[in-house]
Amino acid sequence: MIPAIYNLPTGYRGDTYGPIVFRFTDVSGNPIGLDGVRASLQFRNKRTNDVAVTWDSLDGTMTVSGNVIVMNPMAGISMEIDANTYGYDLQIMSGSNFVKTYVRGDVTIIQDVTDVTD
């Protein structure tokens, strides 16, 4: 299966980003049970492949329940990444050898003007 393409909402550098909710269903519209899986998503620089920011259910920055995965709000301090368009994908891991990428796309972070973090 090729991952679905979904471009995430534009973010503003230094502002809190999220929450973003993903609901997973099969081709018939039935919920795909995801309880007990690990979900992970990274924003990566499209030129250098460097990781800019990561969400992961292991550290609580993502939540998995039923057929829903939530990118929990990422604090503004963590979103002080370069203004850029990043690539991402959402991977689901279960057991020792199951990895599935359901969604991929781009996200644009716009440069901020006022910096209140100093």
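What you see is a predicted model, in which local features need pLDDT of at least 70, side-chain atom pairs count only at pLDDT 80 or more, and totals for chains, interfaces and linings use all residues. Residues are numbered from 1 along each chain as its sequence is written, and side-chain values use heavy atoms, with hydrogens and water left out.

**The chain as a whole**

The chain has 9 strands and 0 helices; here helices (H or I, at least four residues) and strands (E, at least two) are DSSP runs, numbered from the N terminus. Read from the N terminus, the elements go β-β-β-β-β-β-β-β-β.

How far does the C-alpha trace of the chain span along its principal axes? About 45 × 30 × 25 Å. A compact globule with 118 residues would have a radius of gyration near 13 Å, and the chain's 15 Å agrees with that. That radius is taken over C-alpha atoms, and the globule rule is 2.2 Å times the number of residues to the power 0.38.

Of the 118 residues, 36% are buried. Buried means under 20% relative accessible area, exposed over 50%, and partly exposed in between (1.4 Å probe, protein chains only). As for contacts (heavy atoms within 4.5 Å), take those in the chain with a separation of 6 or more: 62% of them are between residues 24 or more positions apart.

**A three-stranded open sheet**

Strands pair if DSSP finds at least two bridges between them. In general, strands of a sheet pair through backbone hydrogen bonds, either parallel or antiparallel. Here, 3 strands make an open sheet in the order β3-β7-β6, with antiparallel pairing. β3 (20-23) and β6 (62-65) are at the edges with a single partner strand each, so one side of each has no neighbour in the sheet. From one strand to the next, the twist averages 15° (axes are lines fitted to C-alpha atoms, for helices over the stretch in contact, and angles run from 0 to 180 degrees between N-to-C directions).

Now for β7 (residues 68-71), which pairs with β3 over 4 bridges. In that pairing, Ile-20 sits opposite Met-71 and Arg-23 opposite Val-68. On the β6 side, 4 bridges join β6 to β7, and Ser-65 stands opposite Val-68. β6 and β7 also form a hairpin with 2 residues between them, where Gly-66 in the turn has a positive phi of about 60°.

Which residues cover the faces of β7? Val-68 and Val-70 are on one side, Ile-69 and Met-71 are on the other, and all are buried.

**Pairings with β9**

Strand β9 (residues 98-110) turns up in several pairings. Here they are together:

| Strand paired with β9 | Sense | Bridges | A bridge partner pair |
|---|---|---|---|
| β1 | parallel | 2 bridges | Ala-4 and Val-103 |
| β2 | parallel | 2 bridges | Tyr-12 and Ile-110 |

**Rings in pairs**

A pair of aromatic rings is described by the distance of the centres and the angle of the planes. Rings of Phe, Tyr and Trp (its six-membered ring) pair if their centres lie within 6.5 Å; planes under 30 degrees apart count as stacked, over 60 as edge-to-face and the rest as tilted. The whole structure holds 7 aromatic pairs. In one of them, the ring centres of Tyr-6 and Phe-22 are 6.4 Å apart with the planes at 85°, so the pair is edge-to-face. Tyr-6 belongs to the loop between β1 (4-5) and β2 (11-12) and Phe-22 to strand β3, so the pair ties together parts 16 residues apart in sequence.

Are these two residues buried or exposed? Tyr-6 is partly exposed, with a relative accessible area of 40%, whereas Phe-22 is buried at 7%. Ring pairs also link Tyr-6, Phe-22, Phe-24 and Tyr-102 into a cluster.

**A look at Thr-61**

Thr-61 lies in the loop between β5 (51-56) and β6. Its side chain reaches the backbone nitrogen of Asp-56 at 2.7 Å, and a polar contact of 2.5 Å joins the side chains of Thr-61 and Asp-59. A polar contact is a pair of N or O atoms within 3.5 Å; within protein, one must be able to donate a hydrogen and the other to accept it, and residues adjacent in sequence count only if both atoms are side-chain atoms. Leaving aside neighbours within four places in sequence, Thr-61 is in contact with residues including Val-70 and Met-71.
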